[in-house]
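Hello,

Here is the structure I promised to pass on to you. Have a look at it first, and my notes follow below.

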Amino acid sequence: MAHAATADVADNTSGGPQVKLVSQRQRAWRTFRRNKSAVVGLGMIIFVVVVALVAPLIAPHNPIEQSTINRLAEPTSDYLLGRDDFGRDVLSRIIYGARIALLVGVTSVLLGGILGTTMGIVAGYFGGRIGTVIMRVVDILLSFPDLITGLLVMAVLGAGTFKLIIAIGLTITPRFARLAYGPTLSIKEKEFVEAALALGQRTQVILSRHILPNIAGELLVLASLWTAQAIRLEASLSFIGLGVPPPTPTWGQMIRDGTRYLTDYPLLSLAPGVALLFTVFAFNLVGDGLRDVLDPRSR
Amino acid sequence: MLRHIIRRLLLAIPTLFAVVTIIFLLVRVIPGDPARAALGDNATEEAVNTLREQLGLNDPIWVQYVNYIQDLLRGDLGTTLITRQPAWEQIRFVLPHTLELAAAALVIALLLGIPIGIITAVKQNSPIDYTGRIVSLAGLSMPAFYLGLLLIYLFSARLGWLPAIGAGDFSEPADNIKRLILPALSLGLIEMAFIARMTRSVMLNVLSADYVRTARAKGLAEHVVLVRHAFRAGLVPIVSLVGIFVISLIGASVLTEEVFARPGLGKLMIGASKQRDYTLLQAIMVLYAFIIVIVNIIVDLIYTFVDPRVRYD
């Protein structure tokens, strides 16, 4: 979005019209703030981020320290959510699990977002045969469910945190390419792009200064919604057993490990699931809220 | 009409061709040796090489590609690396279970999702709308395997009403249906959220249209306005979203089959991924692509029925 300041007539309570200068960014923030569920979502995200950052300080125990005599021990005041089948503290593992969820969620969206946006803008701006080929490939990749693309890439690459980020990043790439492509096509015909060209600005500058800012808002919405999807995807792949290898605590794997004791000790599976649902829900709330800010019609 | 269908089918051929090529490249380009992967790290160099030779992996990539396409054209999806059976044999065995699950989930999703979408749109910004929106957003946030686990915990582990795993046999319909209920409910509720959101936003657009106002002004009963005028117009954009919906359904069905230990395409694919059985994986991907292309053609055809403005010539 451009940062041009626009005049906004403030509430007229003390007589005489008061004109206040409000930047578009400030106005967007105001609209966002009025959307209660989005603000709640933002608060939830901040909570998870803080928990992940200070995990070593707040986790009551070492999340990977095993104690076989205490396996599947019931919750106590010291071990609030009890211990898993290796005698590890469930609460501490959930707290540390936030780190992997956010790490994978955010970095894979960054990777896929940068790669995809670049592809979309380049395909839209230069067009031609290469542009068409890129978008055809993008459309075909889009026709597969993200989980299936993720499964295929993980099967080829093998398990590992870094590989998981690549796999999820690759499934996200075409979504950003699709989003960036359309607007680029229409924006490149606008007068300000023509003016910039006439001024002799380099292509790079035109793409990054003139085209990118105009689609930044929509990219932000997609980034938020896809962070939610990426975290869900990470948990799904970890649940399947093709994600982050043990002993690193991840919510998906904790849920999987707990399924064996679902009848007698449901907390093992159900508790990390609550953390997962909470986090994914938070990013979806914010994404939805951001979309309302940008497109008031959809409210 | 028939000409239109034939034309649409012919147009699908290059698309399918492109999909198959991309799947082929995806598996080849990403580093890793399928033969080594299939035999495990302890296999001797010699054994790996023999398998590479058998699979034709030592040939130049374009030779492999041509062979692969020729096999596909003959309807040969390849031989799996692990069981050394034709991939189609394994797929054929599990496919009915997946179709059964998808169909049941689809019914649940439509029966619940469309009314919820309409009600939340009509009562926009009311407590009902608010609750409905939160519930459907929660549904979109819910990983399919987690909802499945919750259902298993409640209805199998606690209440003991329904079996938790397996799919039963088609020769015993009662058992088969009993084992279908929980997975179908799990998948259906998740997709319901998707449909409800879609219907709501479509209906919001339609409800503010002039012809709806006119219909109300004529004094028509509200349910007639909603069903005859608004929903019928809303059907067009809803049908166009069915393609996206089927993609979402396939993705969620994979996790549902995994958590309910239910035989099916998704479970087969997970197994193939874990054992790194590239041929089986490739075969299942091609089948998914085929299903998705066919669904898109059907959507296209339905489109011409629900929207008379779309002409086929």
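Is B:N125 buried or exposed? B:N125 is exposed, since 10 other C-beta atoms lie within 10 Å; the cut-offs are 20 or more such atoms for buried, 12 or fewer for exposed and anything in between for partly exposed, with C-beta atoms placed from the backbone.

Before the rest, a word on conventions. Residues are numbered from 1 along each chain as its sequence is written, while chains are lettered from A and ligands numbered from 1 in the order in which they are written. The model is predicted, so local features need pLDDT of at least 70 and side-chain atom pairs count only at pLDDT 80 or more, whereas totals for chains, interfaces and linings use all residues.

Back to B:N125: this residue sits in the loop between α5 (87-122) and α6 (127-141) of chain B (helices are DSSP runs of H or I with at least four residues, numbered from the N terminus). Its phi is positive, about 65 degrees, although it is not a glycine. B:A261 also has a positive phi, near 45 degrees. You will find B:A261 in the loop between α11 (242-259) and α12 (265-274) of chain B, partly exposed with 13 other C-beta atoms within 10 Å.

In chain A, look at the peptide bond from A:P246 to A:P247, which is cis with omega near 10 degrees. A:P247 lies in the loop between α9 and α10 (251-258) of chain A.

Finally, the two chains meet: 39 residues of chain A are in contact with 36 of chain B (C-beta atoms, placed from the backbone, within 7 Å). On the side of chain A that touches chain B, α6(A) gives the largest share, 10 residues.

Best wishes

Technical notes
Helix = DSSP H or I, 4+ residues; strand = E, 2+ residues; numbered from the N terminus.
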